[in-house]
Amino acid sequence: MLRLRPSLNGASLCRRGFSRALSATLPTHEDHLHPPADGADSIDLSGTPVGAAVPFRGGAHGETHTVTNQARPLMDTNLYTGDKALVDAVSTYTQCGLQRYLPLENHGALLGSERMVKEGVLANTVLPTLKNYSPYGERLDEVEYHPSYHNFMEAGIDHGATRPRPELEGRGAHVVRASHMYMQNQIEAGHCCPLVMTHAAIPLFKSNALPDTVAKPWLERLLNGNYDPRNLPI
């Protein structure tokens, strides 16, 4: 389907001459009327006279070419057990020699699943939408997120990306928490900002900077490990 022409000297290309040269490389209607029968994805230029039409032999389902220089989608893999450097770091710096830690393994399996990979695509394709009014004219001023975004928030909070685990206090609890957060970042980055801010707020509410009547209710919510997707006033 390609028409080959002798190369043209750049100095002699006027606008009309360039247009003609470009048009000569495009497939014509006649080229489409007589497709090859064998369906091979190749172009053999050997023995082709200059200026002759060279048919492109597409696949049976209309494929244009075969991609051989791209990696296949990384799905259904465990982001923890499949990462030797991460496993070694947790084992070395948790001060308890954890070779296997089921919360990290379960979290890594979930995030590496095909479902969560596709959720990541949706979270970046269906963008947040500002809803100023309800269908009845009531003022809302709410930002509506795709459910996939909330699924990532829930996975991170439920599995421990925002809080150190009490059972590991003094034995590398922050190393494990950082490992959860590290895996969350690999699958979708946009939701990780509120996860990091949730964790960063915990020291503030643990300090004496705020009265207990304010700090205690907030601290309980930050540490309970339950994600609430509702849009509620503070």
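## Helix 4 and its buried face

In this predicted model, helix 4 spans residues 102-111, and its buried residues are Leu-104, Glu-105, His-107, Gly-108 and Leu-111. Look down the axis of helix 4 and those buried residues fall within an arc of 165°, so they line one face of the helix.

What does that set of buried residues pack against? The partners are helix 3 (84-93), helix 5 (114-125), helix 6 (147-159) and helix 7 (173-187).

## The chain as a whole

Reading from the N terminus, the order of elements is β-α-α-β-α-α-α-β-β-α-α-α-α.

How much of the chain is buried? Of its 234 residues, 27% count as buried. As for contacts, take those between residues at least 6 apart in sequence: 59% of them join residues at least 24 apart.

## Out on the surface

The chain has an accessible surface of about 15,700 Å², and carbon and sulfur atoms account for 57% of that.

One spot to look at is a nonpolar surface patch of about 270 Å², built from Leu-130, Val-143 and Tyr-145. Leu-130 sits in strand 3, which covers residues 129-133. With a relative accessible area of 52%, Leu-130 counts as exposed, because the cut-off for that label is over 50%.

Terms used. Residues are numbered from 1 along each chain as its sequence is written. This is a predicted model: local features need pLDDT of at least 70, side-chain atom pairs count only at pLDDT 80 or more; totals for chains, interfaces and linings use all residues. Side-chain values use heavy atoms; hydrogens and water are left out. Patches are made of residues with over 30% relative accessible area and no salt bridge: like charges are joined within 9 Å, nonpolar side chains (Val, Leu, Ile, Met, Phe, Trp, Tyr) within 5 Å. Accessible areas come from the Shrake-Rupley method with a 1.4 Å probe; for residues, only the protein chains shown count as cover. A salt bridge is a side-chain nitrogen of Lys or Arg within 4 Å of a carboxyl oxygen of Asp or Glu. Helices (H or I, at least four residues) and strands (E, at least two) are DSSP runs, numbered from the N terminus. Buried means under 20% relative accessible area, exposed over 50%, partly exposed in between (1.4 Å probe, protein chains only). The arc is that of the directions from the helix axis to the C-beta atoms. Contact means heavy atoms within 4.5 Å.
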